[in-house]
Amino acid sequence: MGVSAAWIVPFLLGATMFPGNVRAETLRICGTGGAIGGMKLLAEAFRKAEPGVEVIIPRSIGSSGGIRAAIAGKLDIGLSARPLSPEEMSRGTRQTAYARTAFVFAVHPDVKRSDTALAEVIDIFAGRKTTWEDGTALRLILRPASDTDTLTLRRMSTEMIDAVKQSQNREGLIVATTDQDSADAIERTSGSFGTTTLALVVPERRRIRMLSLSGVNPTTKSVRDGTYPYTKTFFIVTRKAPSPIAEKFIRFVRSPEGKAILSRVGHVPLP
């Protein structure tokens with residue numbers, strides 16, 4: 001499902017030489033980790049359709065990192081889980097919303113739980129709940145205060161705003177910088193509890209358990225019909241005038257084939 005590590009070589013060299021001295025085009029994509037897994041699958045399909053193109057997708061650098069790199073021309077396409085700010089828009093950028101996914105609460109497989117509720121999540125972040133029902137330690141995995149996961153939490157309720165603020169002042173908690181870091185921490189930390197997305201867990205085949213929320217499972221169906229309440233939207237970010245190959249890739253993402261790929265791995269494609 002991933003993009004071959006060999007793809008990094010053309011990126012470092014600047015281009016790949018094909019038989020007949022035809023020089024490959026390179027498409028550089030990175031940003032929010034929640035979108036990386038699905039984007040790698042899209043890139044693999046696109047590369048087969050466009051054999052003269054090399055697609056480079058390194059490990060996540062976050063939404064803001066992807067936006068900054070796209071603005072600076074270091075990336076052809078930045079991936080973001082938030083809309084551009086007015087200041088970012090003023091710097092000659094363009095954003096295209098292409099999919100939604102479930103924002104989920106997840107635990108290490110050793111946690112004997114399959115469901116949670118918002119009131120319990122608030123207690124976990126506020127530090128009022130620090131153990132699971134069997135007495136084992138509950139290890140909360142935090143995200144930075146400015147991260148899109150943290151901002152999503154704050155939008156849930158005023159009580160959650162206070163709980164998140166309290167969590168940022170607690171000592172000894174693991175803080176995961178990127179979406180992949182967070183998934184890594186949940187996977188390897190016994191008793192862990194943290195946030196992630198359906199669009200990350202499914203294509204990356206993560207060994208973590210996504211919890212239902214008050215009995216509603218986070219699925220593409222429940223996101224589509226609105227029964228699952230919390231979602232994130234993914235954006236493609238480029239300069240105002242992206243390269244022709246970037247434009248072609250964006251059209252592929254929004255094509256029936258691209259949408260079918262995304263639908264299979266935890267995304268709800270947007271019109």
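## The largest pocket

H3 and H6 each contribute two or more residues to the lining of the largest pocket (helices, H or I of at least four residues, and strands, E of at least two, are DSSP runs numbered from the N terminus). The model is a predicted one, in which local features require pLDDT of at least 70 and side-chain atom pairs pLDDT 80 or more, whereas totals for chains, interfaces and linings use all residues. Residue numbers run from 1 along each chain as its sequence is written, and side-chain values rest on heavy atoms, without hydrogens or water.

The volume of this pocket is about 290 Å³. A pocket is an open set of points on a 1 Å grid over the protein atoms alone, with protein on both sides within 12 Å along at least five of seven lines; a cavity is a set where a 1.4 Å probe fits but cannot get out; lining residues have an atom within 4 Å of a point. Volumes are the space filled by probe spheres set on the points, which are joined across faces, edges and corners. Of the 18 lining residues of the largest pocket, Gly-62, Ser-63, Ser-64, Asp-147 and Thr-177 lie nearest its centre. H3 gives the most to this lining, with four residues. By class, the lining comprises three nonpolar, eleven polar and four charged residues (Ala, Val, Leu, Ile, Met, Phe, Trp, Tyr, Cys and Pro are nonpolar, Asp, Glu, Lys and Arg charged, the others, including Gly, polar).

## Helix H3

H3 is mostly covered, with eight of its eleven residues buried (buried is under 20% relative accessible area, exposed over 50%, partly exposed in between, with a 1.4 Å probe and protein chains only). The buried residues of H3 are Gly-62, Ser-63, Gly-65, Gly-66, Ile-67, Ala-69, Ala-70 and Ile-71. Among the elements that cover them are strand S3 (25-31), strand S5 (77-80), helix H4 (86-89), strand S6 (93-107), H6 and strand S13 (231-239).

## Two buried loop residues

Ser-60 is located in the loop between strand S4 (53-56) and helix H3 (62-72). Its relative accessible area is 9%, so Ser-60 is buried. The side chain of Ser-60 places a polar atom 3.0 Å from the backbone oxygen of Gly-31, and it also reaches the backbone nitrogen of Gly-33 at 3.1 Å. Apart from neighbours within four places in sequence, Ser-60 is in contact (heavy atoms within 4.5 Å) with Cys-30, Gly-31, Thr-32, Gly-33, Ile-36, Thr-178 and Gln-180.

Thr-189 occupies the loop between H8 and S10. With a relative accessible area of 8%, Thr-189 is likewise buried. A polar atom of the Thr-189 side chain lies 2.6 Å from the backbone oxygen of Ala-185. Not counting residues up to four places away in sequence, Thr-189 touches His-108, Arg-139, Ile-141 and Ile-174.

The whole structure contains two cavities of 30 Å³ or more. The largest has a volume of about 50 Å³ and is lined by Phe-125, Ile-141, Leu-142, Arg-143, Thr-150, Leu-153, Val-164, Ser-167, Gln-168 and Thr-195. Five nonpolar, four polar and one charged residues make up the lining of the largest cavity.

The second largest cavity has a volume of about 40 Å³. Its lining consists of Gly-34, Arg-143, Asp-149, Asp-179, Ser-182, Thr-195, Thr-196, Thr-197 and Leu-200. Helix H8 (179-188) and strand S10 (192-197) are the elements that give two or more residues to this lining; S10 gives the most, with three. One residue of the lining of the second largest cavity is nonpolar, five are polar and three are charged.

In helix H11 (residues 244-253), the buried residues are Ile-245, Ala-246, Phe-249, Ile-250, Phe-252 and Val-253. They lie on the same side of H11, because they cover an arc of only 155 degrees around the axis, taken from the directions from the helix axis to the C-beta atoms. Pro-244 and Arg-251 are exposed on the other side of H11.

Ala-49 belongs to helix H2 (residues 33-49). This residue is partly exposed, with a relative accessible area of 48%. The C-alpha atoms of Ala-49 and Phe-252 are separated by 9.8 Å, although the two residues are 203 residues apart along the chain.

How values were computed:
A polar contact is a pair of N or O atoms within 3.5 Å; within protein, one must be able to donate a hydrogen and the other to accept it, and residues adjacent in sequence count only if both atoms are side-chain atoms.
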